[in-house]
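Hi,

Here is the structure I said I would pass on. Have a look, and my notes follow below.

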Amino acid sequence: MVVADPQQIRSIIFDLDGTLYVSPEVAHQIEAIGDELAAATRGVSLEEGRALLRGARRRLAETYEEEPTLSRTLMEMGIEISDFHRAMQEKVTPERFLQHDPVLFALLDSLRDNCELYIYTNNNLPLARKILALLGVEELFSRLYTIEFGWQPKPDQNVLERILEDIGGPRESFLFVGDRHNIDLRLADSFGIPTLLVSETADLLQIHKVLGILP
Ligand SMILES: [Mg+2]
């Protein structure tokens, strides 16, 4: 990634799941809720629900030539996004799998000399807060933009524009960081905003290189 002028970056917007932590267990719990909702909505077995969801996801992927999010797939199946998030709050138990991450804390904290930090996630506010608290990094973020901010999952141009306006500043003053290009970064990139793709939390060290600072 080439950033025209790293000195101008003032606001770093992080995706949450898969970006600030990686947990196959939490990801699996979320996927399982999708299967259950698909099954319950159509009045079929869990197995059939899973197959329906998989089919819907494949059709969306073929239509838009990119892997859709679980949120978008469920919406496409006529499932209310609020029902999905209610089930997530009841059934996802990150406290079983996540713990304080002092390395992550130090890494993020060192960015705050120059920048404000934000979260932009398709997750909901109660669960996002819980996850950040479990990781021990909750206090580092100026604001959390969760699904409640517009009820439209990423990628969504309208919501993205509202976030940029809410934070304020020229486009060169933002940096978007996420683990899925199409979902977290592509729209921002099309706006001329710097982006950074990470595949594990260790990759977050790249931000310091981008900004030209020592972690
Ligand atoms: Mg993610």
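Why does L134 count as partly exposed? L134 has 18 C-beta neighbours inside 10 Å, so it falls in that class (20 or more other C-beta atoms within 10 Å is buried, 12 or fewer exposed, in between partly exposed, with C-beta atoms placed from the backbone).

Two caveats. This is a predicted model, where local features need pLDDT of at least 70 and side-chain atom pairs count only at pLDDT 80 or more, while totals for chains, interfaces and linings use all residues. Residues are numbered from 1 along each chain as its sequence is written.

Back to L134: it is found in helix 6 (residues 125–135). Leaving out residues up to four places away in sequence, L134 touches P94, E95, L98 and Q99 (contact: C-beta atoms, placed from the backbone, within 7 Å).

On the overall fold, the protein has nine helices and five strands (DSSP runs numbered from the N terminus: H or I of at least four residues, E of at least two). The C-alpha trace spans about 55 × 35 × 25 Å along its principal axes, and buried residues account for 34% of the 215.

Then there's the helix 1 / helix 2 pair. The axes of helix 1 (residues 24–42) and helix 2 (residues 46–64) come within 7 Å and cross at roughly 105° (axes are lines fitted to C-alpha atoms over the stretch in contact, angles run from 0 to 180 degrees between N-to-C directions). The two are therefore roughly perpendicular (65 to 115 degrees; under 35 is roughly parallel, over 145 roughly antiparallel, the rest oblique). Residues meeting there include G34 and R42 from helix 1, and L46 and L53 from helix 2.

Cheers

Technical notes
Two residues are in contact if their C-beta atoms, placed from the backbone, lie within 7 Å.
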